[in-house]
Each structure stands twice: as structure tokens, then as C-alpha cells.
Amino acid sequence: MNVARLLDDASVQLAPALGLDKREARIEARVLAGHAWQVDAAWLIAHDTDRLTDEKIAAFQSLLSRRLQGEPVAYIVGQREFFGLNFAVTPVVLIPRPETETLVEAALERIPGERPWQILDLGTGSGAVAIALARHRPLAEVVAVEASAAALAVAQANAHRFGVSNLCCLASDWYAELGVKKFDMIVANPPYVEADDPHLGQGDVRFEPRSALAAGPTGLDDLGVIIAAAPGHLARGGWLLVEHGWNQGAACRALFESSGFSETHTLRDLAGQERVTLGRLPG
């Protein structure tokens, strides 16, 4: 069997098993093959007629079997691209998603590039948001907080991987270990899914840490804690930005306003869904 035939057969299996279209299935097959054989996309194209050894076929089939059982590609290959960087991910962290880039973009629009700023990232997980901000604003000092020791180790490894020196990782349950330190900006992508949401038992989400996804009966438990306590950790004029579910924009705006924030509004992601609510502490 050659490379092209193996990838064709895999695509035919992946599409119906995971509800993918032909293009998506083909992309996933290529990603799995590249990881199994430690080659890039250009190699796969240039060698599509090459006959494969039994060892290479077996290595690919092992990964394909895991994907057909629903395991996310990001966990199988150990990485996911976010904001132009390939972050290491493991099953102890949430897989970075494109909609979270809305949070990063909104933060970068408000962080000055010509002077130092103090930034706090709550629930950093893989470190994707904190590292993206630190790399794009090298004069800023970023503190990335995470309650899970295992997840914090992933974030620290990613910071080292990308040579980020203006980021500090801290073990803390939200604000608990921060003391009286004040920040110019707080960003957070906390758990915000309703605890009984049926999607928690479907697709890739089944394999992700539930503690990074679900937050009480309305999904607002952690958002409520973060927003209510934020004024005590922000400098005057400081910004708070949080990611939330598509149907939680109004609730988050109400929480911001009840906590004394001004300039409160909600941004939509590329899919047109309300995704990030932000506000400013009056100066």
C-alpha cells in the first residue's frame, strides 16, 4: 500500500465516524500520518506514491484507531496551533480554540506596546493566552495563574518552549495567592459550560478536563467569582476581559456593571457569536 491509498482509506473511515466533511477528514489523516512518521505535509505530497513498510502502516493505524474512538487529534499528536504558535497540549489542559483568539486580539488592542504593563491571566491552562500576550507585548509583565499543578507544568513547558521571559507562572485558585498586587489588565477564559450540558458527553469535549469546562448549573459560577473580585486586583483604569458562552453575554454585562465597571460591551467571535465581554475600572 502506498501513502495516497492509505490516506484515502483513512479519510473514508474518519468522515462518517466523526461527522467530518471530505476535506476535514483528509486534513486529519495527513496530520496523523505526519505525526506517526515524523514528516511534514510537503513530504506527504512528494511521496504519495511511495510504498509503505508494515511498520509505518502499523504506526499510522495505531493513531487512526485512537482518533476513530473520538480522541482529539490535539491530544494524539500532542500539540495545537493557536495565534500562530504550536502549543504543547496534554489531556490535563483544555485544547486551545480559534474563538479564544478573540480574547487575545481584544487584549492586545488595549495593551500599550511602548511601556510596561502588568497583566494577569486567570486559569491559564496550556498558557496559550498568556504566552501570546507576552510574545506580542515584550515590555509587559504577565502573571499566569492556574490551580491545577499538572496544567501549570504544561504552561511552564510552553513558556520555555517559546523562550518567553516576561511571564511568571503561579499556582493559585483564581486570586487566592496574589496578595495585594494590582494589575493593569486581567484576562480569563474560565470554565463556563452548564454542568448538565449534553455537549460535555459528545465529541472531543469528552476527553478534556471537566474542571476546565463546567461551572455550575448556569455555567456562570467561575465567571461570577472572577468578575466580582476583579476590582480588588485592578489598578484604576484597568481592564477586565473574559471569554464566555455564546448565550452568556447579557449575564456577563450585568455582572460587570454590578461590580462597578464602565465601558462594558461584548465582542463577537468569527462565527458571529457573543464571546468576550470587557469593561474598565473607572480611573
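Modeller: What follows covers the core, some helix packing and several loop positions.

Biologist: What kind of model is it, and how are the residues numbered?

Modeller: This is a predicted model, in which local features need pLDDT of at least 70 and side-chain atom pairs count only at pLDDT 80 or more, while totals for chains, interfaces and linings use all residues. Residues are numbered from 1 along each chain as its sequence is written, and side-chain values use heavy atoms, with hydrogens and water left out.

Biologist: Core then. Which residues touch the most other members of the largest nonpolar core?

Modeller: F82, V104, I131, L133, L167, M185 and L241 do, in a core of 35 residues. Helix α7 (residues 128-136) gives the most to this core, with seven residues. A nonpolar core here is a set of buried Ala, Val, Leu, Ile, Met, Phe, Trp, Tyr and Cys residues joined through side-chain atoms within 4.5 Å. Buried means under 20% relative accessible area, exposed means over 50%, and partly exposed is in between, with a 1.4 Å probe and protein chains only. Helices (H or I, at least four residues) and strands (E, at least two) are DSSP runs, numbered from the N terminus.

Biologist: What is L167 in contact with?

Modeller: Leaving aside neighbours within four places in sequence, L167 is in contact with A130, I131, A134, V142, A144 and A159. Contact means heavy atoms within 4.5 Å.

Biologist: How many residues of helix α6 are buried?

Modeller: Seven of the ten residues of α6 (residues 101-110) are buried, so this helix is largely enclosed by the rest of the structure. The buried ones are T102, L103, V104, A106, A107, L108 and R110.

Biologist: What covers them?

Modeller: The cover for the buried residues of α6 includes helix α7 along with β1 (79-82), β6 (183-188), β7 (234-243), β8 (262-268) and β9 (274-280).

Biologist: And T100, buried or exposed?

Modeller: T100 counts as buried, at 5% relative accessibility. T100 is in the loop between β2 (85-88) and α6. Not counting residues up to four places away in sequence, T100 touches F82, V129, N189 and E243.

Biologist: Switching to helix pairs. At what angle do α1 and α4 cross?

Modeller: Roughly 10°, with the axes of α1 (residues 3-18) and α4 (residues 54-68) coming within 10 Å. The two helices are therefore roughly parallel to each other. Axes are lines fitted to C-alpha atoms, for helices over the stretch in contact, and angles run from 0 to 180 degrees between N-to-C directions. Angles under 35 degrees count as roughly parallel, over 145 as roughly antiparallel, 65 to 115 as roughly perpendicular and the rest as oblique.

Biologist: Which residues meet there?

Modeller: From α1, L6, L7, A10, Q13, L14, A17 and L18 meet F60, Q61, L64, R67 and L68 of α4. That contact has nine nonpolar residues, two polar and one charged. Ala, Val, Leu, Ile, Met, Phe, Trp, Tyr, Cys and Pro count as nonpolar, Asp, Glu, Lys and Arg as charged, and the others, Gly among them, as polar.

Biologist: How do α9 and α10 pack?

Modeller: Helix α9 (residues 221-229) and helix α10 (residues 249-258) pack at about 25°, with their axes 9 Å apart. These two are therefore roughly parallel to each other. L223, G224 and I227 of α9 meet C252, L255 and F256 of α10. Five of the contact residues are nonpolar, one is polar and none is charged.

Biologist: Where is W174, and what about its phi?

Modeller: W174 is in the loop between β5 (167-171) and β6, with a positive phi of about 50°. At 15% relative accessibility, W174 counts as buried.

Biologist: Last one. What does D48 touch?

Modeller: Not counting residues up to four places away in sequence, D48 touches N2, V3 and A4. D48 sits in the loop between α3 (41-46) and α4, and is partly exposed, with a relative accessible area of 33%.
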